[in-house]
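Please look over the structure below, first as a whole and then in its parts.

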Amino acid sequence: MEKEANWPGPEGLIPALEKNAANASLHTRRFLDEILIEERIIGTRVADLTMKLWGSEFTSPIMMPAFSHLNKAGLAHRPMEEYAQAAKNLGIVNWVGMESDADYAKIAEVGAKTIRIIKPFADHEKIREQMTFAVKHQALAVGIDIDHSIGKDGNVDVVDGEKLGTLTAQEIKEFADFAHKSGVPFVAKGVLSTRDAALCEKAGADAIVVSHHHGRMPFAVPPAMILPDIRKVSGKMKVFADCSVDDGRDAYKLLALGADAVSTGRAILPGLLKEGTPAVERKIQQMNDQLKELMGYTGVAALDLFDATVLWYHGRPLK
Ligand SMILES: Cc1cc2nc3c(=O)[nH]c(=O)nc-3n(C[C@H](O)[C@H](O)[C@H](O)COP(=O)(O)O)c2cc1C
């Protein structure tokens, strides 16, 4: 009876299947879940999660996400500042997405070490202004979510009335140069091919985020699937990753596959919206414990000792 109630009907079935198949988050979740881990317990030590990045030390490679807009969700509290506060209390990297300068200033005031990700606005002067503003407010780094150009209708997207644009490799180089002249590293967020990673490396990016931006692109390859190849072409760039890092085990898998650090996004959202800072802190602490547990089981005593040969996929070593 229940099955019948859920039956979408002949007209509804094909769109429903298409929607599911195209959903990159679904494939990403599935891929991560099917990676298994072999034990290397003899001689192991308790793991140290300390991460050094651009002259600062952090307590974990699990970072906050580049969220945005949450202060406009009609809540009686301010989630954007609240997760920044959790980052500060925990000593981990904070990230912020599309926020006005005035709103960014309030988040920066919390005092977490923050990476500001700016939209690829068609107006490049606006990108430079927002970078300068972030530097004045002690940003750890600045960057652009280069994967947010195309909207659902195939044209350049418009967000909050602001027209976005596409970026060439030369333009990415100019923004990287601008960030460097301003005294901060430059991050290209939303890289999902060895081609684009190599172009970012050549453009002088200090880091990329291997990401499909919670499934913006239909049928996007899972970050974990392409990460080892991207790592190979990434020379001196830091390689971060996100998408479906829902617990510390997902973080372990991405770190073993070559990520220097990872962001968790929607996994912190329910607690953040309901309860704010304490819920985010609890979730990240739990993720840290899970990551440390698996590092202990596999003889990975520190972040530079990950080894992808512990990973198995469909009955065979993944690598
Ligand atoms: C509410 C919300 C707002 C977001 N805003 C931005 C943004 O402004 N810029 C950006 O680069 N990514 C943005 N993202 C994407 C996240 O940074 C991240 O790439 C994505 O959520 C994937 O991780 P997840 O699967 O853990 O959620 C946003 C995500 C959410 C859920």
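A residue is called buried if 20 or more other C-beta atoms lie within 10 Å of its own, exposed if 12 or fewer do, and partly exposed in between, with the C-beta atoms placed from the backbone. The model is a predicted one, in which local features need pLDDT of at least 70 and side-chain atom pairs count only at pLDDT 80 or more, while totals for chains, interfaces and linings use all residues. Residues are numbered from 1 along each chain as its sequence is written.

**The whole protein**

The protein holds twelve helices and 16 strands, where helices (H or I, at least four residues) and strands (E, at least two) are DSSP runs numbered from the N terminus. Its radius of gyration is 20 Å, close to the 20 Å that the globule rule gives for 319 residues, so the protein is as compact as a globular protein of that length. That radius is taken over C-alpha atoms, and the globule rule is 2.2 Å times the number of residues to the power 0.38. Of the 319 residues, 43% are buried.

**The core**

In soluble globular proteins, nonpolar side chains tend to be buried together. A nonpolar core is a set of buried Ala, Val, Leu, Ile, Met, Phe, Trp, Tyr and Cys residues joined through C-beta atoms within 7 Å. The largest such core here has 88 residues, of which Val 93, Ala 205, Ile 208 and Val 262 touch the most other members. Two residues are in contact if their C-beta atoms, placed from the backbone, lie within 7 Å; leaving aside neighbours within four places in sequence, the contacts of Ala 205 include Ile 172, Phe 186 and Met 237.

In helix H3 (residues 24–33), the buried residues are Ala 24, His 27, Thr 28 and Leu 32. They cover an arc of only 130° around the axis, which puts them on the same side of H3, the arc being that of the directions from the helix axis to the C-beta atoms. Their cover includes strand S1 (35–37), helix H9 (223–232) and helix H10 (248–256).

Helix H10 is itself mostly covered, with eight of its nine residues buried, among them Tyr 252 and Lys 253. Leu 294, in helix H12 (residues 277–297), counts as buried because it has 21 C-beta neighbours inside 10 Å. Leaving aside neighbours within four places in sequence, Leu 294 is in contact with Ile 37, Arg 249 and Tyr 252. Although Leu 294 and Lys 253 are 41 residues apart in sequence, their C-alpha atoms are 9.7 Å apart in space.

**Positive phi angles**

Most residues other than glycine have a negative phi.

| Residue | Phi |
|---|---|
| Trp 54 | about 45° |
| Cys 243 | near 95° |
| Gly 258 | near 120° |

Trp 54 lies in the loop between strand S2 (51–53) and strand S3 (56–58), and Cys 243 lies in the loop between strand S13 (238–241) and H10. Trp 54 counts as partly exposed because it has 14 C-beta neighbours inside 10 Å, whereas Cys 243 is buried, with 30 other C-beta atoms within 10 Å. Gly 258 follows H10.
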